[in-house]
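Please look over the sequence and the model shown here. The paragraphs after it go through the structure piece by piece.

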Amino acid sequence: MIISDEYKFVFIHIPKCAGTSVRKPLEQFDSCQGSFTARVGSHPTFGRLDYVHIPLFILKDHFPNEFSAVKDYWAFAVVRDPFARFASSVSQRLKMYSDQPLQKRSEDEIRSFIDESIDYLLSQPRDKHLLPPEYIHFQKQVDYIELDGSRVIDKIYTVDEVDTLLADLGRRVSQDLQEGSSAYGGIQTNRSVVFRNDFLRRVIETGRPLTNIVSAVLPESAKQRIRKRVYVPRDQRMKDLFAADYVRAFINDYYADDIRLFQKVSQRDRSEAE
């Protein structure tokens with residue numbers, strides 16, 4: 001979350017929704033000096049708390065000054081297709097809270113991790129429940145947009161509209177925020193890549209000391225060519241895992257409100273979405 005008292009805007013950072021792409025050019029305006037942009041810290045009520053991704057129902061009861069800014073300033077957020085977001089959430093949890101990231105896991109291990117995530121989420125309360133830092137990337141998007149069924153955020157963008165968002169905000173601050181920014185199109189920032197197949201993964205990981213030595217002496221152009229042959233985007237290789245019937249059924253149920261929200265914003269019903 002970024003709050004600018006000078007320009008009177010609030011960026012609500014929904015996990016796995018292009019937040020890094022948006023946050024970077026806005027950090028210069030942050031009146032909170034990074035308190036809500038890059039930390040998991042201790043909180044007297046919740047213990048460990050991810051201060052980057054605080055839902056509105058927590059903000060209202062425990063951060064009244066920041067919630068007042070959300071209500072009084074121009075507040076905006078970015079939303080994402082819940083099906084694509086779930087895959088990204090699994091990847092992020094592996095990256096941050098496991099001993100090996102996604103690209104070093106076998107398909108069976110990733111499937112097991114998907115099942116573990118689903119089982120955990122189904123064991124938790126459905127409404128107004130703050131997930132712990134290890135699972136905050138699975139927090140529902142509506143928890144950052146609505147409160148008690150009413151929309152709080154002024155403007156909602158989709159992940160395909162980050163350029164539009166930066167242009168809108170640039171006019172507000174009289175600055176070109178798109179220059180040098182990492183546009184979200186195609187999920188470039190924080191994009192997950194994996195080995196092309198499990199055979200390549202086993203060969204390269206087994207010979208890791210040797211591959212590190214070879215990599216150190218190769219020119220960058222050669223390394224780039226090798227990476228293109230070795231790695232593919234996560235969604236290209238893992239599509240079948242995340243598109244399994246039981247996974248889609250879980251998302252349709254657990255994230256039903258997020259699906260409704262995303263469809264509404266994507267359809268641009270201006271009377272509701274702006």
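Predicted model: local features only at pLDDT ≥ 70, side-chain atom pairs only at ≥ 80, totals over all residues.

Through how many residues does a hairpin join E3 to E4? The hairpin joins E3 to E4 through three residues. Strand E3 covers residues 40–43 and strand E4 residues 47–50; the two run antiparallel and are joined by four bridges. Strands count as paired if DSSP finds at least two bridges between them. One of the facing positions is glycine 41, which stands opposite leucine 49 in E4.

Residues are numbered from 1 along each chain as its sequence is written, and side-chain values use heavy atoms, with hydrogens and water left out.

Phenylalanine 46 is placed in the loop between E3 and E4. Phenylalanine 46 has a relative accessible area of 27% and is partly exposed; buried means under 20% relative accessible area, exposed over 50%, and partly exposed in between (1.4 Å probe, protein chains only). Apart from neighbours within four places in sequence, phenylalanine 46 is in contact with Ile58, His62 and Leu130, where contact means heavy atoms within 4.5 Å. Proline 132 is 86 residues away along the chain, yet its C-alpha atom and that of phenylalanine 46 are separated by 8.7 Å.

Now the whole protein. The protein has 14 helices and ten strands. Of its 274 residues, 49% are buried. Among contacts with a separation of 6 or more, 72% are between residues 24 or more positions apart.

Four of the strands form an open sheet with mixed pairing, in the order E1-E2-E5-E8. Strand E1 (2–4) and strand E8 (155–158) each have a single partner strand and stand at the edges, so one side of each is left without a neighbour in the sheet. On average, neighbouring strands of this sheet are turned by 15° against each other, direction ignored. Helix H13 packs on the sheet and touches E5 and E8, its direction making about 90° with that of E8. Such angles run from 0 to 180 degrees between N-to-C directions, and axes are lines fitted to C-alpha atoms, for helices over the stretch in contact. Within the sheet, E2 and E5 pair in the parallel sense over four bridges. The bridge partner of isoleucine 12 in E5 is alanine 77.

Which residues touch the most other members of the largest nonpolar core? They are Val10 and Val70, in a core of 35 residues. A nonpolar core is a set of buried Ala, Val, Leu, Ile, Met, Phe, Trp, Tyr and Cys residues joined through side-chain atoms within 4.5 Å. Two or more residues each come from strand E2 (9–12), helix H2 (56–62), helix H3 (64–72), strand E5 (74–79) and helix H13 (256–266). H2 gives the largest share, four residues. Not counting residues up to four places away in sequence, valine 10 touches Met1, Ile2, Ile3, Ala69, Val70, Tyr73, Trp74, Ala75 and Phe76. A second, separate core has 24 residues, including Ala87, Phe113, Phe138 and Ile251.

Helix H4 spans residues 82–97. Its 16 residues reach 21 Å from first C-alpha to last, close to the 22 Å expected at 1.5 Å a residue; the expected span is 1.5 Å times one less than the number of residues. H4 is mostly covered, with twelve of its 16 residues buried. Among the buried residues are Phe83, Phe86, Val90 and Leu94. H4 packs against helix H5 (residues 107–122) at an angle of about 105°, with the axes 11 Å apart. That makes H4 roughly perpendicular to H5, a term for angles of 65 to 115 degrees. H4 contributes Phe86, Val90, Arg93 and Leu94 to the contact, and H5 contributes Phe113, Ile114, Glu116, Ser117, Ile118 and Leu121.

Two loop residues remain. Most residues other than glycine have a negative phi. Lysine 16, in the loop between E2 and helix H1 (19–26), has a positive phi near 60°. Lysine 16 is buried, at 10% relative accessible area. Glutamine 33, in the loop between H1 and E3, also has a positive phi, about 55°, but counts as exposed at 74% relative accessibility.

Terms used:
Parallel < 35°, antiparallel > 145°, perpendicular 65-115°, else oblique.
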